[in-house]
Amino acid sequence: MSMKWIEVIMPQLAESLVSATIAKWLKKPGDRVEQYEPICEVITDKVNAEIPSTVDGIMGDLLAEEGTTIAVGEAICRMQVAASGEEVTGQETQASQQQNGDQVHMQQSANYVPAGAGRTASHDPNQPMRNRYSPAVQSLAAEHGLNLQSIQGTGAGGRITRKDVLAVIAQGGNTGAASAQSSNVAGQHASSGVPSGSPFSGLNRGNADLGASAGDTVPAADAGVPVRHSGIHLTESPKIPQIEVEGGGQGRSEYFIDVTPVRNAIARNMRQSVSEIPHAWTMIEVDVTNLVMLRNKLKDEFKRKEGINLTYLSFMMKGVVNAIKDYPIMNSVWAVDKIIVKRDINLSMAVGTEDSVLTPVIKHADQRNIAGLAREIDDLARKTREGTLKLDHMQGGTFTVNNTGSFGSILSQPIINYPQAAILTFESIVKKPVVINDMIAVRSMANLCLSLDHRILDGVICGRFLQRVKENLEGYNMETKVY
């Protein structure tokens, strides 16, 4: 059988992507690779992703080491495939390599386990690769309602491959949909280090996923006494960056923390924003008493109906979207000799995790009602926590909102999400004495802080924009509909 070698290149995962970093190789030289099966994980400026194989073949040389940044279009590895479409086996690969006198490839192929042996080998479900699913596997399982926890994986380290899922589908699938949901919930608690019965389970939602603002209470699991929390949503065991101790010994005065590719991308983008954009900022105070009462009225029924929290952020986003419609210049970017005003209103929302901040995008936010925005917020926040964001989720943002009130902030000066024209933060809701008609009343108040690109925007237009957002938020009443 005729054989040939091909080079696998770094694909362009997004229009603006010029390079990516090899995070981890999922296949080693000599391993059999099926079409659509992930061969490596890469880290980009936007999100982490897996590179799938486009062919069936045998993995050859790895041309890039883990941690190496590769430009789009450069080769990352070599694979051996059948020239005429026949199936490639490990024995044929080894024979071909011996014929070519390539000692390195011969040693790599000697470690390869033929496909037949791999099918009979048992895999420990507790191995690290057992619960790592490729996008193709997840999509296929979701389409057919399969419970991935109940499927036996035949890939490396017990990993479930696309062929494993297809085999289950051919056998009529399974009926583990109900158990899958409970298994996935339990798995999320386990992966985050939070017991499923903990009062803090399900709270690791980042900045965007606010069911309430600071000062809300969470029921305690054991004592039955309400426990106040500041709104900061971290796991009980936050991930700690890898630390390299300088010199060692007891007398050290400092230590090093490795800069991850994601942190490096954040640093580069923030530096570009503050160095290129002349920042100015302004703040306005909003009476959200009616909004608090409206949400308290609707949140339980919404939770039962939709299965997600009705957040303050969804109301705030609706108020921002309607204000942008009145002042479209807020939805623009600087292009040196012109200002480009975007017709689509795509809201970026800052979602914080223990080690980074990402800004997934709600596309066409102006076409969604409050309930639709709440669903998008929950979906994107969950995908950010689980690390399943795709590059498309990070593209096209035109205006950024950030719920800094989730960790108790009452005042902030946000950095603009380059190259957008502005970013708005929604601060913590705090009860304050307020003078109304020369009388003092206790009201729920919140600050809105706006950072603006002073090349595009001036104080007059931004002041009017904030006043319109204020009017929209204070205009909510008990009759407001979320659908």
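**Aromatic contacts in a predicted model**

Tyr 476 has 8% relative accessibility, so Tyr 476 counts as buried (buried is under 20% relative accessible area, exposed over 50%, partly exposed in between, with a 1.4 Å probe and protein chains only). The model is predicted: local features need pLDDT of at least 70, side-chain atom pairs count only at pLDDT 80 or more, and totals for chains, interfaces and linings use all residues. Residues are numbered from 1 along each chain as its sequence is written, and side-chain values use heavy atoms, with hydrogens and water left out.

Aromatic pairs

- Searching the whole structure gives three aromatic pairs (rings of Phe, Tyr and Trp, the last by its six-membered ring, with centres within 6.5 Å; planes under 30 degrees apart are stacked, over 60 edge-to-face, the rest tilted).
- For Phe 302 and Tyr 483, the ring centres are 6.2 Å apart and the planes are at 35°, so this pair is tilted.
- Phe 302 lies in helix α8 (residues 289-306) and Tyr 483 in the segment after α11 (459-474), 181 residues apart; helices are DSSP runs of H or I with at least four residues, numbered from the N terminus.
- Phe 302 is buried at 4% relative accessibility, whereas Tyr 483 is partly exposed at 45%.
- Phe 315 and Tyr 476 pair edge-to-face, with 5.4 Å between centres and 80° between planes.
- This pair joins helix α9 (residues 312-326), which holds Phe 315, to the segment after α11, which holds Tyr 476, 161 residues apart.
- Phe 315 is buried at 0% relative accessibility.

Charges over rings

- The charged end of Lys 305 sits over the ring of Tyr 483, 4.3 Å from its centre (NZ of Lys or CZ of Arg within 6 Å of the ring centre and within 35 degrees of the ring normal).
- The charged end of Arg 295 sits over the ring of Tyr 312, 4.6 Å from its centre.

Definitions and conventions
Helix = DSSP H or I, 4+ residues; strand = E, 2+ residues; numbered from the N terminus.
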